[in-house]
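Trainee: I have a model open and want to learn how to read a chain-to-chain contact. Can you take me through it?

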Number of protein chains: 4
Amino acid sequence: MAKKIKLGILGGGGDSLIGVLHRVASAMHDQFEIVGGVFNPDIDKSIAFAEEIGLPTNRIYKDLDAFVAGEAKLSEDERIQVVSVLTPNFLHFPMAKKLVDNGFHVICEKPLTTSLEEAVILEEAVKKAKTVFAVTYTYTGYPIVRQMREMIQSGVIGEVHKVDIQYYQGWINPILHDKEVRETIWRLDPTKAGISSCIGDIGTHAFNMAEYLTGKEVKTILADLNTRYEDVQLDVDGTVLIRFSDYSKGVIRASQIATGEENGLTVKIYGSKGGFNWEQENPNFLYHLTDDKPVQILKPGHAYNGEVSLDGTKLPPGHPEGIFDSMGNIYYGVAKAIRGLDYDNGEFINVYDGVRGMKFIEKCVESHQSGNVWLDL
Amino acid sequence: MAKKIKLGILGGGGDSLIGVLHRVASAMHDQFEIVGGVFNPDIDKSIAFAEEIGLPTNRIYKDLDAFVAGEAKLSEDERIQVVSVLTPNFLHFPMAKKLVDNGFHVICEKPLTTSLEEAVILEEAVKKAKTVFAVTYTYTGYPIVRQMREMIQSGVIGEVHKVDIQYYQGWINPILHDKEVRETIWRLDPTKAGISSCIGDIGTHAFNMAEYLTGKEVKTILADLNTRYEDVQLDVDGTVLIRFSDYSKGVIRASQIATGEENGLTVKIYGSKGGFNWEQENPNFLYHLTDDKPVQILKPGHAYNGEVSLDGTKLPPGHPEGIFDSMGNIYYGVAKAIRGLDYDNGEFINVYDGVRGMKFIEKCVESHQSGNVWLDL
Amino acid sequence: MAKKIKLGILGGGGDSLIGVLHRVASAMHDQFEIVGGVFNPDIDKSIAFAEEIGLPTNRIYKDLDAFVAGEAKLSEDERIQVVSVLTPNFLHFPMAKKLVDNGFHVICEKPLTTSLEEAVILEEAVKKAKTVFAVTYTYTGYPIVRQMREMIQSGVIGEVHKVDIQYYQGWINPILHDKEVRETIWRLDPTKAGISSCIGDIGTHAFNMAEYLTGKEVKTILADLNTRYEDVQLDVDGTVLIRFSDYSKGVIRASQIATGEENGLTVKIYGSKGGFNWEQENPNFLYHLTDDKPVQILKPGHAYNGEVSLDGTKLPPGHPEGIFDSMGNIYYGVAKAIRGLDYDNGEFINVYDGVRGMKFIEKCVESHQSGNVWLDL
Amino acid sequence: MAKKIKLGILGGGGDSLIGVLHRVASAMHDQFEIVGGVFNPDIDKSIAFAEEIGLPTNRIYKDLDAFVAGEAKLSEDERIQVVSVLTPNFLHFPMAKKLVDNGFHVICEKPLTTSLEEAVILEEAVKKAKTVFAVTYTYTGYPIVRQMREMIQSGVIGEVHKVDIQYYQGWINPILHDKEVRETIWRLDPTKAGISSCIGDIGTHAFNMAEYLTGKEVKTILADLNTRYEDVQLDVDGTVLIRFSDYSKGVIRASQIATGEENGLTVKIYGSKGGFNWEQENPNFLYHLTDDKPVQILKPGHAYNGEVSLDGTKLPPGHPEGIFDSMGNIYYGVAKAIRGLDYDNGEFINVYDGVRGMKFIEKCVESHQSGNVWLDL
């Protein structure tokens with residue numbers, strides 16, 4: 001008998017979009033039951049929100065300290081097992097650290113922390129606590145992305161020699177060109193957003209995808225960033241040359257000023273025997289290229305797909321999966337890990353890869369500020 | 001304070017795909033709480049399934065009679081308000097009827113019933129009981145489909161003169177060409193599937209979409225069906241000429257032998273001032289055509305979208321919505337109706353349109369068998 | 001040594017678009033040399049046009065009689081061998097007939113004639129004269145269409161059971177809804193356009209494509225046409241049910257009021273082992289579907305393509321072919337036939353298929369006017 | 001009266017693909033007449049080829065010296081006016097130089113020369129001779145590319161801040177991974193191919209497109225190239241960071257090892273008010289993006305297109321244009337220039353831009369060899 005895993009949530013109240021995404025994702029495979037948390041720093045708002053979404057309010061706490069203390073009093077059978085951290089970025093580290101230190105499994109929104117230093121500390125804490133720790137790089141949950149990963153890592157396209165990942169958005173464009181308006185954007189304020197806007201928010205997704213899919217680590221990077229205006233302190237666009245080796249190279253392209261683009265994460269990976277093209281906005285179509293045969297379009301739910309891909313597909317072919325399904329599969333992987341079941345490394349991004357992401361951000365900014373030089377990763 | 005609506009489920013246990021779809025859909029807008037039902041005719045299996053998906057088992061009943069009796073004993077505050085009917089097609093009518101007669105709101109999988117006669121009886125019952133009754137024509141829930149509907153009905157493409165809806169699948173092809181195999185397909189057995197396979201299962205979706213989007217009723221139809229083999233008793237393919245009037249015509253094309261097609265529901269609607277193209281397998285892209293301007297691609301979540309469309313979009317543009325989101329929006333519409341809130345006719349398909357669907361099936365079969373003649377609808 | 005074939009042209013002068021298309025097509029494979037003709041009924045305009053396009057004017061004739069008489073005086077070595085007939089539709093028959101009777105090969109624009117009766121007479125004339133006679137169904141010249149034909153006819157998709165050809169345009173829409181304007185459209189005037197507008201102009205292309213690709217003849221048809229307004233005498237839209245046999249059926253859909261559509265000829269053909277999708281506006285991508293493998297995208301110029309397809313591709317893969325290349329391949333096929341070389345039936349549409357096209361038009365109109373009944377073809 | 005322009009051709013004989021392309025292109029607008037040239041260094045083969053393609057052989061010369069001397073003897077009215085140079089790359093410079101010095105207009109295949117030094121000499125010669133000189137960057141001839149150029153340069157997308165041009169091919173992949181095979185590839189032999197393979201052949205197309213479309217000059221570049229194997233001397237892949245200014249940046253990505261890609265030239269250009277996406281393999285669809293309106297798809301031949309775009313479109317919308325049409329438009333632009341007619345700078349690439357292309361290649365190689373440093377262009 002598989003009782004639902006008890007899930008707590010930090011943040012994600014009010015009209016938070018990320019809150020909806022995580023709540024639905026947790027429901028998708030009948031694995032989790034939301035039982036409490038801290039939705040808002042204001043306890044009244046937190047309780048009101050719990051009522052709004054139909055949750056009992058008895059385990060809504062005023063803050064994380066109260067949460068930890070309160071849950072500690074419950075029997076192991078009752079206690080929250082895993083906590084989703086959906087708070088503003090600067091709170092990811094202290095909250096996740098405290099949760100890990102107190103034995104909770106954690107599902108943490110990205111970025112993992114606001115600095116590499118914090119990330120490394122957190123990684124150590126997880127190693128020590130031996131808890132399950134997932135960083136929600138949402139796009140890795142698409143079944144067909146997992147299919148691509150499996151095919152690449154099993155050698156279908158031979159030795160990878162070219163990796164090109166794009167993440168183009170345009171959302172900052174309409175509010176960037178008026179100086180007074182742009183001074184109000186928190187993403188461009190180093191005190192709130194950290195050292196990077198574009199690379200930190202989306203370049204890191206692209207970087208993670210590169211390593212996730214190939215199973216290889218980027219060795220060195222060289223970044224050229226763009227602030228668009230002299231008075232803007234953080235990057236809104238950037239191109240990063242990457243090298244896996246002297247003969248396996250690539251590029252990561254990210255932008256928040258790709259005017260009119262919505263959420264343009266795309267993957268192009270080529271090896272000695274084949275290649276793949278994939279676009280996040282059409283997430284159920286994977287193009288497999290070879291030298292001499294027709295291009296093949298792989299879709300989810302077919303017998304030709306691998307186990308991890310199929311495990312994340314709930315309906316027959318032709319029933320489109322979306323971003324909620326993708327996040328749902330990440331939650332499903334976490335559930336398997338918590339239950340001690342077999343699961344594949346590809347089912348969620350762990351704290352080690354979260355650290356890699358932080359390192360990537362810091363090195364990109366350093367490379368750019370040092371005159372676009374190569375730095376080891 | 002918005003308490004969750006208490007939802008019961010009939011059917012959908014075991015590895016039922018439709019069960020997953022409805023459970024997740026009910027969770028998508030934080031509106032429903034599943035509290036009981038009958039997942040399986042075998043009470044032990046029903047309870048086991050409840051445990052598997054982490055539900056309390058105290059309101060799992062042995063059958064619908066027990067369900068109705070059991071819930072009647074509870075206070076109004078505790079009682080299940082709405083029931084999803086996910087059982088085999090022949091049970092839709094008796095179960096839905098009983099539920100309506102006992103004052104429950106109902107969310108019924110399509111087809112509504114197995115005959116027009118039953119459907120009409122059910123419609124009368126709903127009118128009398130004044131309950132909310134939804135038939136889950138899933139594809140009407142996509143935000144961009146709702147956008148298309150709103151634009152058509154507000155006159156953006158002028159007077160509609162051409163409607164062309166396709167629903168092509170290929171699933172029956174691999175099991176059709178071997179006589180021994182095809183004799184085992186329940187969909188082709190009139191005693192189990194009713195009078196039609198292809199038109200009944202998917203042609204009716206296409207028909208519903210035609211009336212849903214245009215807001216007009218098809219006046220007459222002429223159908224040519226294909227059984228592919230002489231010994232097959234039900235249609236696996238069909239083309240239906242439709243007329244809204246003498247000068248507004250169209251065609252519905254459905255197939256289960258469109259080899260290699262997955263779930264190819266497509267819409268082409270043209271009027272005096274413009275047209276629309278949409279494909280279910282790429283559900284977030286709506287093509288708006290006009291005589292003299294560039295084709296426009298509408299996507300969900302933008303300020304240019306209407307209220308009903310936006311209400312069904314949970315994340316910013318570029319985060320693909322899938323079939324679960326579509327069904328989730330239908331549940332959301334039902335929730336609004338149950339709560340007595342304002343809602344649009346487009347938010348779910350009601351019993352009246354369910355009856356239309358049954359009528360369409362019966363008339364198509366009659367037209368074909370009568371030598372492909374025009375029949376009023 | 002392959003001297004160029006001497007080509008004459010009737011019509012196509014001034015700013016005629018079809019004139020450009022045929023001139024360029026004739027140049028594409030270095031097979032033809034334009035040496036004279038009648039570009040315009042006014043000899044002065046005809047000569048002026050010859051000068052404009054840089055042709056010598058000594059073999060520009062005042063009319064077809066003069067053309068035939070003038071060429072007869074030349075040595076066989078000098079004489080025009082083949083004539084392209086690009087005049088208004090009603091002149092196709094008398095001109096083509098005279099040319100054939102005088103031993104010229106003919107490349108005739110479609111429609112072949114303005115009535116089935118004329119078409120049959122012409123067919124007899126060609127049989128007697130044993131000349132080469134091509135009707136320019138332009139879209140059959142695309143290399144990837146020829147690839148599809150070859151694969152279908154060699155059994156790659158098994159026995160064909162479903163054929164769905166669409167030809168949607170919207171050009172008549174902007175000039176149709178004002179009564180005074182529509183009364184000026186020659187296409188809607190039976191004295192100029194014959195018995196049909198939409199089916200006659202583009203439905204016939206779709207019909208030809210159906211027979212061209214499958215190599216089968218349509219046995220019976222049932223047509224429902226739409227004039228859009230009571231005062232319009234010819235069809236601007238129509239759907240035609242077709243049957244190759246009792247178990248192999250399909251539909252032809254044509255429209256001139258598919259608002260905003262440009263030249264939307266599309267093909268969907270399904271058989272027991274596979275299917276094909278193709279769209280004329282993206283003419284270099286052929287989608288090959290099967291029951292259980294990824295969809296394949298075939299493109300021109302690859303080693304996996306057949307001989308007839310490759311023979312029509314002039315550049316390596318990825319260099320898009322357009323409508324001129326398509327027509328160029330038809331001219332190339334005619335050149336092979338004139339030179340007595342081996343060529344495939346698929347390289348151009350002959351007079352027999354031109355007659356089929358005329359029969360299709362007449363039967364569609366008759367079916368519609370008789371109350372949408374089945375008629376043999 | 002517009003007599004045809006007399007065109008000579010150097011190279012392009014035998015089964016040369018580029019020969020076909022130029023011959024057809026010259027015929028597309030009825031502007032040119034091929035009257036002679038040197039198709040092959042072997043005069044017998046040259047004459048045989050002339051006969052094969054149906055040309056008179058009296059002006060087929062044994063070499064360029066004979067060509068120049070022979071044409072000089074003819075009256076101005078008879079003399080060849082413009083010469084297409086289709087010979088191997090190392091002959092472009094000496095031949096084009098001699099032609100320009102002798103007063104011929106020139107249409108030169110790219111690359112203009114094999115070194116920047118030669119290119120500059122040629123530019124000087126053209127300035128002195130005041131002849132028309134076109135370098136055939138083929139892809140600039142597509143009508144919808146010209147439309148994009150016009151819209152960008154007239155400010156439709158505001159100030160350009162991001163330019164991303166890709167040119168991915170995979171042709172070298174199947175012959176690269178076997179050492180013995182790759183040693184036979186002339187493109188990888190510096191004595192035959194010059195200093196670069198990938199950047200020289202296709203990177204330069206991408207670079208030209210960036211400057212052609214924006215009307216701006218790239219100020220500095222930083223290149224990272226990849227030879228894939230240590231023993232390969234020339235690049236088969238490369239990424240080039242580009243800067244138009246400190247706040248207007250971009251990237252050029254080129255590859256010959258993008259396995260399975262055919263001819264993947266793509267354009268993404270973004271400015272303060274909008275953006276454009278275009279793909280060469282679907283050359284008739286231009287995507288125009290803005291912050292808040294639906295994406296628009298522009299296609300050729302519509303009233304909304306500009307003059308230069310429309311002038312290059314020969315048929316109504318929906319009749320696909322291909323690579324031959326694109327090259328045909330370049331020839332058409334050259335014809336206008338030779339005839340002294342008004343023409344737009346966008347109608348063909350001149351010698352100045354050819355020099356820019358050579359500079360780009362040299363600087364990319366230098367940047368890479370110097371450790372990926374920024375170099376002025």
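Mentor: Start with the residue count on each side. In this predicted model, 50 residues of chain D touch 51 residues of chain A.

Trainee: What is the area buried between chain D and chain A?

Mentor: About 3,700 Å², with carbon and sulfur atoms giving 47% of that area. Arg228(D), Tyr247(D) and Thr259(D) supply 17% of what chain D buries against chain A, more than any other three residues.

Trainee: How many salt bridges are there between chain D and chain A?

Mentor: Eight. Take Lys162(A) and Asp237(D): they form a salt bridge whose closest N and O atoms lie 3.0 Å apart.

Trainee: Which elements give two or more residues to the side of chain D that touches chain A?

Mentor: Strands 6, 7, 8, 9, 10 and 11 of chain D. Strand 9 of chain D has the largest share, six residues. By class, this side of chain D has 21 polar, 15 charged and 14 nonpolar residues.

Trainee: Now a single residue. Is Gly37(D) buried or exposed?

Mentor: Check relative accessibility against the cut-off: buried means under 20%. Gly37(D) has 0%, so it counts as buried. It is found in strand 2 of chain D, residues 32–38.

Trainee: Which residues is Gly37(D) in contact with, leaving aside neighbours within four places in sequence?

Mentor: Ile9(D), Arg59(D), Ile60(D), Tyr61(D) and Phe67(D). Lys6(D) is 31 residues from Gly37(D) along the chain, and their C-alpha atoms are separated by 11 Å.

Conventions
Residues are numbered from 1 along each chain as its sequence is written. Chains are lettered from A and ligands numbered from 1 in the order in which they are written. This is a predicted model: local features need pLDDT of at least 70, side-chain atom pairs count only at pLDDT 80 or more; totals for chains, interfaces and linings use all residues. Side-chain values use heavy atoms; hydrogens and water are left out. Contact means heavy atoms within 4.5 Å. Buried area is the accessible area (1.4 Å probe) that two parts lose on being put together, summed over both. A salt bridge is a side-chain nitrogen of Lys or Arg within 4 Å of a carboxyl oxygen of Asp or Glu. Helices (H or I, at least four residues) and strands (E, at least two) are DSSP runs, numbered from the N terminus. Ala, Val, Leu, Ile, Met, Phe, Trp, Tyr, Cys and Pro count as nonpolar, Asp, Glu, Lys and Arg as charged, and the others, Gly among them, as polar. Buried means under 20% relative accessible area, exposed over 50%, partly exposed in between (1.4 Å probe, protein chains only).
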